[in-house]
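Trainee: Please bring up the structure. I would like to learn how to read its features one by one.

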Amino acid sequence: MKNKNSFNLLSVFLIALIFVAFISCKKDTKKSASKSIASIERSTEEVLYRPNFHFTPKANWMNDPNGMFYLNGKYHLYFQYYPEGNVWGPMHWGHAISEDMITWQEQQIALYPDELGLIFSGSAVVDKNNTSGFGKDGITPIVAIYTYHNMDGEKAGELNFQTQAIAYSLDEGMTWTKYDKNPVISNPGIKDFRDPKVIWDANSSKWIMALAAADKIMFYSSTNLKDWNLESEFGQEFGQHNGMWECPDLFPIKIEGTDKTKWVLIVSINPAAPNGGSGTQYFIGDFDGTKFTLDTNFKTQLEKQKAVWLDYGRDNYAGVTWSNIPEQDGRKLFIGWMSNWEYARDVPTETWRSAMTIPRELKLKKSENNYLLVSNPVSELSKYVSKIIIKDTLHVNRQKTIISKNEVDLSRISLQLEIKNLNESKYTFLFHNKFGDSLSFGLDNIEKKYFVNRQKSGKVAFSDKFSNTISKANRMNSSSTLNVQVLMDKTSIEVFYNDGETVMTEIFFPNQPFETLSVITSDEKLIIEHLKIEELKSN
Ligand code: FRU
């Protein structure tokens with residue numbers, strides 16, 4: 001009885017409580033309920049998907065890196081930015097500054113669209129000799145060279161709606177004044193005519209601009225950054241086509257271990273990348289101040305493989321190099337947009353969309369007759385190593401858990417493999433979580449290919465182009481040792497095979513963080529000679 005009474009009292013109390021709660025809840029609008037759900041989703045997204053040591057804008061849409069220069073201890077990065085939405089829209093130049101290319105401080109917007117058009121991709125140079133005359137009172141001007149994209153012209157079906165323009169900054173890139181006589185290069189009737197990348201060519205004492213024009217590159221020269229002359233064209237008969245050529249970059253580089261200099265021409269293409277959608281190819285040759293000529297060895301290389309790619313993964317696009325890196329540093333420093341036009345607008349982050357790749361140092365290697373533009377993460381990344389785990393001589397008999405630790409999704413993993421069965425083995429390194437998601441990379445000795453497989457990596461259904469294929473790249477040598485460096489940052493994997501000779505960069509969106517790394521082999525003969533796992537943390 002007692003129990004029953006107390007039960008009744010309790011239930012009356014509970015019903016009253018629920019009633020009061022219900023009434024007070026009703027006062028809240030549906031809007032605020034959905035608001036709090038949205039804010040929970042946003043914070044989950046921050047924790048789960050915001051990269052830790054890769055640049056992302058705080059909010060909204062970003063694509064190509066633009067106008068990168070170094071000055072007085074600071075690396076500047078501008079980027080294609082739409083501040084009012086999380087999909088591509090009227091383009092501005094966003095801006096971020098870093099002292100080490102890893103930790104970035106986002107700045108106010110640098111360039112806004114105006115009556116001449118939207119602000120598309122381009123570059124920036126430090127005009128030390130004030131060739132432009134924009135400098136005042138001894139202040140060195142920074143000059144940005146960018147494309148105007150005129151929407152009205154495009155809508156009207158005209159061909160000449162993309163032109164090249166300049167702006168200058170007298171406060172180290174913080175604020176910009178557009179040149180009052182823009183555009184500096186008007187359109188010769190080529191619909192896709194954009195992405196000027198300018199360098200100072202000391203040999204010819206001229207500024208040289210590489211510009212993408214449909215499916216070729218046009219080179220212009222100038223002595224003052226204002227008046228430009230067309231010098232030559234390159235590319236219609238070389239490399240990959242079937243897509244738009246975009247975001248070129250031309251620069252000299254030493255062949256490793258020699259005093260010889262060659263010229264590299266980087267050209268992004270969309271679509272028609274080796275594993276689908278957007279990708280970046282390169283050419284090695286010579287530039288005489290007027291004309292880019294392919295190196296004969298590189299020409300032979302192209303006869304064998306049609307195009308040579310900077311990155312065989314699906315998410316490194318529109319990348320170019322920094323200008324004004326001091327001579328005593330001397331590095332060629334590169335950063336790319338870590339996405340692909342096939343699905344960039346659909347990736348499952350709402351607050352911001354897309355990240356940049358890890359900044360990379362480029363080097364030119366020549367082996368026998370082949371040239372290779374090798375990429376590796378900048379050494380500054382090592383400052384962020386918070387913990388190191390080293391393991392030596394691991395024998396793998398078909399399956400082994402290498403490490404089971406939460407931090408595996410924020411790490412640099414260096415592997416030195418000894419391959420005993422060079423012709424018949426397949427080695428799959430697999431990140432997984434308790435949810436059942438997995439992401440793998442590895443080497444297939446039967447196909448002679450490296451691979452990255454994100455088909456089961458978590459959220460993949462947002463685009464049917466995201467996980468329809470496994471990305472692959474030819475393994476060019478057949479040595480029995482292989483060094484691999486892998487960077488994991490929550491939603492991206494960057495694999496540097498064979499000391500950066502073949503790179504694969506891909507993004508992914510797991511339901512939970514990856515916490516275990518295992519390896520599966522087709523035989524019992526793989527030896528991991530050396531394994532180093534470095535936890536990375538930037539904030
Ligand atoms: C490359 C690109 C460029 C263009 C910009 C527009 O991703 O298409 O050619 O300038 O994006 O945002």
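**Reading the features**

Mentor: Start with Asp137, which is exposed at a relative accessible area of 78%; exposed means over 50%, buried under 20%, and partly exposed in between (1.4 Å probe, protein chains only). This is a predicted model, in which local features need pLDDT of at least 70 and side-chain atom pairs count only at pLDDT 80 or more, while totals for chains, interfaces and linings use all residues. Residues are numbered from 1 along each chain as its sequence is written, and side-chain values use heavy atoms, with hydrogens and water left out.

Trainee: Where does Asp137 lie, and what is its phi?

Mentor: Asp137 is in the loop between β5 (118-126) and β6 (142-149). Helices (H or I, at least four residues) and strands (E, at least two) are DSSP runs numbered from the N terminus. Asp137 has a positive phi of about 50° although it is not a glycine.

Trainee: Asn498 also has a positive phi without being a glycine. Is Asn498 buried or exposed?

Mentor: Asn498 counts as buried, at 11% relative accessibility. Its phi is about 50°, and its place is in the loop between β30 (492-497) and β31.

Trainee: Which residues are joined by a cis peptide bond?

Mentor: Asn182 and Pro183 are joined by one, with omega about 0°. Pro183 is in the loop between β8 (177-178) and β9 (193-201). Another joins Asn270 and Pro271, where omega is about -10°. Pro271 belongs to the loop between β14 (261-270) and β15 (279-287).

Trainee: Next, the rings. How many aromatic pairs does the structure hold?

Mentor: A pair of aromatic rings is described by the distance of the centres and the angle of the planes. Rings of Phe, Tyr and Trp (its six-membered ring) pair if their centres lie within 6.5 Å; planes under 30 degrees apart are stacked, over 60 edge-to-face, and the rest tilted. The structure holds 35 such pairs. In one of them, the ring centres of Tyr49 and Phe509 are 5.3 Å apart with the planes at 85°, so the pair is edge-to-face. This pair links distant parts of the chain, 460 residues apart: Tyr49 is in helix α2 (residues 30-49), and Phe509 is in the loop between β31 (502-507) and β32 (516-521). Both Tyr49 and Phe509 are buried.

Trainee: What is the geometry of the pair formed by Tyr75 and Trp322?

Mentor: Tyr75 and Trp322 are edge-to-face, 5.9 Å centre to centre with 85° between the planes. Tyr75 lies in strand β2 (residues 74-82) and Trp322 in the loop between β17 (317-321) and β18 (332-337), so the pair ties together parts that are 247 residues apart in sequence. Tyr75 and Trp322 are both buried. Rings may also gather in a cluster: one aromatic cluster includes Phe219, Trp245 and Phe292.

Trainee: Which residue lies over the face of Trp352?

Mentor: Arg50 does, at 3.9 Å from the ring centre. A charge sits over a ring if NZ of Lys or CZ of Arg is within 6 Å of the ring centre and within 35 degrees of the ring normal.

Trainee: Which side chain is joined to that of Thr351 by a polar contact?

Mentor: The side chain of Glu45, at 2.5 Å. A polar contact is a pair of N or O atoms within 3.5 Å; within protein, one must be able to donate a hydrogen and the other to accept it, and residues adjacent in sequence count only if both atoms are side-chain atoms. Thr351 is buried, at 17% relative accessible area, and lies in the loop between β18 and β19 (352-353). Leaving aside residues up to four places away in sequence, Thr351 touches (heavy atoms within 4.5 Å) several residues, among them Arg42, Arg50 and Lys58.

Trainee: Last, which residues surround the ligand?

Mentor: Among them are Asn63, Trp88, Phe120, Asp195 and Trp341, where near means that a heavy atom of the residue lies within 4 Å. Polar side-chain atoms of Gln80 and of Arg194 each lie 2.7 Å from an oxygen atom of the ligand. For Glu246, an N or O atom in the side chain is 2.9 Å from a ligand oxygen atom. The protein covers 95% of the 320 Å² of accessible area that the ligand has on its own; such areas come from the Shrake-Rupley method with a 1.4 Å probe, and for residues only the protein chains shown count as cover.
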